[in-house]
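Here is a short walk through one structure. Keep the sequence and the 3D view side by side as you read.

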Amino acid sequence: PNMSVIRKIQSGSEGNCFFAVTAVGELLVWGENNYGELGLSKDIKVVKEPTKLHFNDRVNDIVCNYHQVSVITELITAPNGQLYNDLYIWGSCYSSIEYTPIKVDMSHLGFVRVKSVEMGNRFIATLCRIRENTVLCTWGKGNRGQLGHGDLNDQPIPKIVNSFLGHLTNVHRISCGQDFMAATTELCEVFVWGNNVNEVGGRMIHNSSEYIQVPVKIDLNDIVSIRCGSSWIVALA
């Protein structure tokens, strides 16, 4: 395949598989396929050269984390004029290993425009445009409150995090750790939820429960960007 114009490149969580999005919206994959990350077939163990993974629409973005891979396709105009796109996932997903891309069914939410996607360990979070609102949807493993739905239950399909509905400003950026999340709003506020205690005893919020089940605002101001690692958070002011 022609790799002369690469728009984005990503590596898998262990650095043993690789993904490149070209300027014309093709996705190229290569490396090891231990958890189905390449999306080609269960029978393929290693791909030594960049190989095209086929999608019906152009690939707009790709994200890899915790042996999962997700792809956002380009915007499509529906017959009624609304814009939407598709989200595909594969690899070590919520309840199984998916060896080829599967389209996430978000039809229960209406016409959804996926703006961004992040992944933790067996859970997924997306920022979506639904009508005039930007909403946060999460699904997958929820045993430590990482989904933000007010419980410790798993969620098999995308569900809107209600805590942000009616908030004065939209969620602007999101990031997933292994079993927790962080988000910033357009007013540069910071919210966190999920597992509150890391392996060395550090806490996101002191004097709080072990599992934070809904987003909680923390005392940080003027934060423009935030990223989570497996057990840490870094913020840029």
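**Around one glutamine**

Leaving aside neighbours within four places in sequence, Gln68 is in contact with Val63, Trp90, Ser92, Cys93, Met119, Gly120, Asn121, Arg122, Phe123 and Ile124. Keep in mind that this is a predicted model.

Is Gln68 buried or exposed? Its relative accessible area is 3%. The cut-off for buried is under 20%, so Gln68 counts as buried. Its side chain reaches the backbone oxygen of Gly120, at 2.6 Å. Gly120 is also among the contacts of Gln68.

Now step back to the strand. Gln68 lies in β6, which covers residues 68–73. Strand β6 belongs to an open sheet of 4 strands. The order is β5-β6-β9-β10, and the pairing is antiparallel. β5 (59–65) and β10 (97–103) stand at the edges. Each has a single partner strand, so one side of each is left without a neighbour in the sheet. On average, neighbouring strands of this sheet are turned by 10° against each other, direction ignored.

Follow the sheet to β10. Strand β9 (residues 87–92) pairs with β10 over 4 bridges, in the antiparallel sense. Gly91 has Glu98 in β10 as its bridge partner.

The largest cavity holds about 30 Å³ of space. The elements that give two or more residues to the lining are β2 (17–22), β5 and β6.

Conventions:
Residues are numbered from 1 along each chain as its sequence is written. This is a predicted model: local features need pLDDT of at least 70, side-chain atom pairs count only at pLDDT 80 or more; totals for chains, interfaces and linings use all residues. Side-chain values use heavy atoms; hydrogens and water are left out. Buried means under 20% relative accessible area, exposed over 50%, partly exposed in between (1.4 Å probe, protein chains only). A polar contact is a pair of N or O atoms within 3.5 Å; within protein, one must be able to donate a hydrogen and the other to accept it, and residues adjacent in sequence count only if both atoms are side-chain atoms. Contact means heavy atoms within 4.5 Å. Two strands pair if DSSP finds at least two bridges between them. Axes are lines fitted to C-alpha atoms, for helices over the stretch in contact, and angles run from 0 to 180 degrees between N-to-C directions. On a 1 Å grid over the protein atoms alone, a cavity is a set of points where a 1.4 Å probe fits but cannot get out, and a pocket is an open set with protein on both sides within 12 Å along at least five of seven lines; lining residues have an atom within 4 Å of a point. Grid points are joined across faces, edges and corners, and a volume is the space filled by probe spheres set on the points.
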